[in-house]
Amino acid sequence: MTQPIIAISAGSLNKFSKITNHNFAQFAPKELKEAVIAAGGIPIILPFPEKSEQASELAKRAVGLFDGLIFPGGPDIDPTFYHEVTTAETGHTNVAQDTYEIILAQKAKKAGKQIFGICRGMQLINVAFGGNLYQDLETQKVGEKLLQHQQSLPVEFPSHDVDFVKTSEFYKIFGEKAQVNSRHHQGLKDVASGFTVVAQAGDGVIEAIESTDGLAAAVQWHPENMWHTDKKQLALFEKFVEKAAHQS
Ligand code: MN
């Protein structure tokens with residue numbers, strides 16, 4: 001098997017640094033990069049342009065550079081991308097990143113590339129294909145006694161269960177249930193057409209989706225922080241890298 005190239009869509013630092021070139025530097029999470037390598041992929045980091053008018057052309061060319069694409073965790077998505085007014089609870093956003101990643105997700109899927117989303121990445125995929133979000137679970141997902149989705153435990157520890165749908169790809173790895181970590185205040189509301197919910201927490205919060213064409217899968221938790229100790233979380237990356245290798 002040729003080792004597939006796995007692009008990690010870059011986040012952007014947003015804290016001031018005395019080191020000029022660290023200001024708004026683009027990055028990928030270290031443990032995610034290591035997970036891709038452990039799973040047999042070759043990671044590359046794909047930065048977004050600050051000028052949104054450059055997004056489409058760059059994304060078009062970038063799609064040819066990789067076999068698989070990961071959208072990691074990160075800031076909240078600007079609610080204008082799912083046609084909502086921003087509520088007080090939505091946190092830091094980055095419109096340049098949203099613009100590029102939405103176009104990149106659409107072009108990558110159209111090109112038949114494997115896509116994996118983590119946390120914000122799952123929300124991004126959902127919005128890119130026409131779904132929407134709860135801007136804040138605590139204040140908007142009323143009528144449910146919510147579990148703790150912003151865990152106080154360190155992220156390598158699980159904090160709530162998720163239940164998997166029997167027909168899903170996830171079920172083949174995890175079986176009926178898994179214990180996962182949780183550090184999100186937003187969540188999926190209406191799921192994009194062409195996608196199905198394949199895991200939920202006990203309070204109904206959507207924790208994983210898959211596309212019906214087999215190209216995209218995403219989770220609300222952070223497997224990149226758990227794979228060192230939980231081999232099933234590593235298997236998620238292995239399965240993704242394997243699919244990307246066969247697609248290329
Ligand atoms: Mn959760």
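1. Arg 120 and Glu 101 form a salt bridge in this predicted model, with 2.8 Å between their closest N and O atoms. Arg 120 belongs to helix 4 and Glu 101 to helix 3, so the bridge ties together parts that are 19 residues apart in sequence. Arg 120 has a relative accessible area of 1% and is therefore buried. Glu 101 is buried as well, with a relative accessible area of 1%.

2. The contact between Arg 120 and Glu 101 belongs to a network of salt bridges that also takes in Asp 98. Asp 98 and Glu 101 are both listed among the buried residues of helix 3. In the whole structure, a search finds nine salt bridges.

3. Helix 3 covers residues 95-110, which makes 16 residues. From its first C-alpha to its last, helix 3 reaches 23 Å, close to the 22 Å expected at 1.5 Å a residue. Twelve of the 16 residues of helix 3 are buried, and the helix is mostly covered.

4. At its start, a side-chain oxygen of Asn 94 comes to within 3.2 Å of the backbone nitrogen of Ala 96. After the helix comes Gly 112, which has a positive phi, near 80 degrees.

5. Lys 109, at 17%, counts as buried. The other contact is with an aromatic ring: Lys 109 lies over the face of Phe 129, 5.1 Å from the ring centre.

6. Which residue pairs its ring with Phe 129? Phe 195 does, in a tilted aromatic pair with 5.6 Å centre to centre and 35 degrees between the planes. Phe 129 is in the loop between helix 4 (120-128) and strand 7 (133-134), and Phe 195 is in strand 11 (residues 195-201), 66 residues apart. Phe 129 is partly exposed, at a relative accessible area of 21%, whereas Phe 195 counts as buried at 9% relative accessibility.

7. The structure holds eight aromatic pairs. One of them joins Phe 116 and Phe 240, a tilted pair with 5.7 Å centre to centre and 35 degrees between the planes. Phe 116 lies in strand 6 (residues 114-118) and Phe 240 in helix 7 (residues 231-247), so parts that are 124 residues apart in sequence are tied together. Phe 116 counts as buried at 2% relative accessibility, and Phe 240 counts as buried at 5%.

8. Two other ring features can be listed briefly. Phe 164, Phe 170, Phe 174 and Trp 221 are linked by ring pairs into a cluster. The charged end of Lys 113 sits over the ring of Phe 66, at 5.9 Å from its centre.

9. A further salt bridge joins the side chains of Lys 177 and Asp 163, at 2.6 Å from N to O. Lys 177 is in strand 9 and Asp 163 in strand 8, 14 residues apart. Is this pair of residues buried or partly exposed? Lys 177 counts as partly exposed at 47% relative accessibility, and Asp 163 is partly exposed with a relative accessible area of 34%.

10. The manganese ion has five named protein donors, at 2.2 to 2.3 Å: His 149 (ND1), His 160 (NE2), Ser 182 (OG), His 184 (NE2) and Glu 207 (OE). Along the chain these donors follow the spacing H-x10-H-x21-S-x1-H-x22-E. Within this set, His 160 and Ser 182 link distant parts of the chain, 22 residues apart. His 160 is in strand 8 (residues 160-164), and Ser 182 is in the loop between strand 9 (177-180) and strand 10 (187-188). Both His 160 and Ser 182 are buried.

Key
Residues numbered from 1 in each chain as written. Predicted model: local features only at pLDDT ≥ 70, side-chain atom pairs only at ≥ 80, totals over all residues. Heavy atoms only, no water. Donors = N, O, S within 2.8 Å, 3.2 Å for Na, K, Ca; no water. Helix = DSSP H or I, 4+ residues; strand = E, 2+ residues; numbered from the N terminus. Buried < 20%, exposed > 50% of the residue type's maximum accessible area, 1.4 Å probe, protein only. Expected span 1.5 Å × (residues − 1). Polar contact = N/O pair within 3.5 Å; in protein donor to acceptor, adjacent residues only side chain to side chain. Phe/Tyr/Trp six-rings, centres within 6.5 Å; stacked < 30°, edge-to-face > 60°. Lys NZ or Arg CZ within 6 Å of the ring centre and 35° of its normal. Salt bridge = Lys/Arg side-chain N within 4 Å of Asp/Glu carboxyl O.
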